[in-house]
Amino acid sequence: MKNIITTAAIALFTIASAQAEVRTYQGSTRWAATLFTPGVRTTNASTSYTTYFVVETSGDTIIDMVKIDAWTTRSGRFYYVDNDYFIEYGFFGLVGTDVAGAMEFGDFDLTIPFRGGLRFGKLDFFTLFPSVDYYPDGDELDITVITGSARYNPYFSGDVSLNTAGNEILDFLESRGFVEY
Amino acid sequence: MNKKFQLIALASGAIIFLTAGIYLGSRMASPEKPQSEANNPASSSSGNSSDNTPDERQGPTSASAGKSVAHLEIMRELRAAKSLPATTRNGPLLKALEATSKLPLSNDLLDEFRAIVQEGEIESSHYVLSLMEQREEKESVAFLLETTKHSDPDIADRALFALEAVAGTVFKTREEAATWAANWQPDPERAKLFTPVDEPQEGDAEVADNRLPGPRSRASKNSEKPDEAKKPESE
């Protein structure tokens, strides 16, 4: 009896482990914001990032996710790992051909809707809808638009852990001269 | 007497016929101008600004024979933002660039993008490349590939990132990216979401006959050029 239970537990663990996979979506995001310095000036600012959306799933269940942004300024190339990134989505349409969902970026209490498409029953690509109107504490920043898009990138995907896929992306960025922000 | 009369009548008829032919031929070669232009020849010249960019040029990436009012307005705002002083133009320029994401990739739009990237300012160049990455067209991929040869490595590498995003892989060399680009065809499903189609706006004077209100996508045949895909559908 003990052997049967042990065997069953091992089988269940094996099945669960085999089904978990990481899918990375590579694309870019574009932000627009109004920056306030109270009593001094108000300026509009925009920027864009190369963005990797890394999502770990088991079957149709999202287990974990992380987002990595990379950008370049006059003072260097930087990347930022957003461990507070959150994504959720569902399949819609007549035969589940459309995907709609929402994302939350770390440090900002806002929701960005997105729309996408499937390939072989899995999220394959998406675009973010322009959104948001966010005032953090101090009223110094109003994010007016976050938009962008991404496509499935098999190179940084597979039956690996989220940490493994994320570290592969960071190694790749560092090979191109990026450093952590 | 009768013969002489006949000869005279024949000659007169020939002269009348010849004269009529010459008159009609001259009318067809030089049609009369409308009255307004006849009174003010200067009104027939195009544009009233110093920007003489021939945005009416048509090419394989042009969506239709004419440009919608929305297209012209967005292009006007983009050019106006570009002309601002360098210290104040970034915000308006990037905002104007974002508006172009609603437009099909026409020759005039490509020219503006190319000019911005050639200027070499990082923020605006990267923004353009991000916009091009969010398209699924041969012309956008060609633009990104061309930009991988940019003299500024920060801009060239950003273009490479964009190509890798479209391809879903990592390119170890630019030659590898060029080989991929030469064989790449747009994915019809991705194109539906990533490739904008010029929405007809209220009051648009020039809208192609095959445009319908509401969501739609380009033709799914990869071998067709965008302007061929815009031909009226029979179904």
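Analyst: A:F114 counts as buried because its relative accessibility is 1%, where buried means under 20% relative accessible area, exposed over 50% and partly exposed in between, with a 1.4 Å probe and protein chains only. A:F126, at 0%, is likewise counted as buried. This is a predicted model, in which local features need pLDDT of at least 70 and side-chain atom pairs count only at pLDDT 80 or more, while totals for chains, interfaces and linings use all residues. Residues are numbered from 1 along each chain as its sequence is written, chains are lettered from A and ligands numbered from 1 in the order in which they are written, and side-chain values use heavy atoms, without hydrogens and water.

Over all chains, the whole structure holds 23 aromatic pairs, counted when ring centres of Phe, Tyr or Trp (its six-membered ring) lie within 6.5 Å; planes under 30 degrees apart are stacked, over 60 edge-to-face and the rest tilted. One of them joins A:Y85 and A:F105, tilted at 55° with 6.1 Å from centre to centre. These partners are 20 residues apart: A:Y85 is in the loop between β4 (76-82) and β5 (86-92) of chain A, and A:F105 in the loop between β6 (98-104) and β7 (112-119). Strands are DSSP runs (E, at least two residues), numbered from the N terminus. Both A:Y85 and A:F105 are buried. The rings of A:F114 and A:F126 have centres 5.2 Å apart and planes at 50°, so this pair is tilted. It links strand β7, which holds A:F114, to strand β8 (residues 122-128), which holds A:F126, twelve residues away.

Charged groups also meet rings. The charged end of A:R23 sits over the ring of A:Y152, 3.8 Å from its centre; the criterion is NZ of Lys or CZ of Arg within 6 Å of the ring centre and within 35 degrees of the ring normal. A:R176 lies over the face of B:F161, 4.9 Å from the ring centre.

Conventions. Helices (H or I, at least four residues) and strands (E, at least two) are DSSP runs, numbered from the N terminus.
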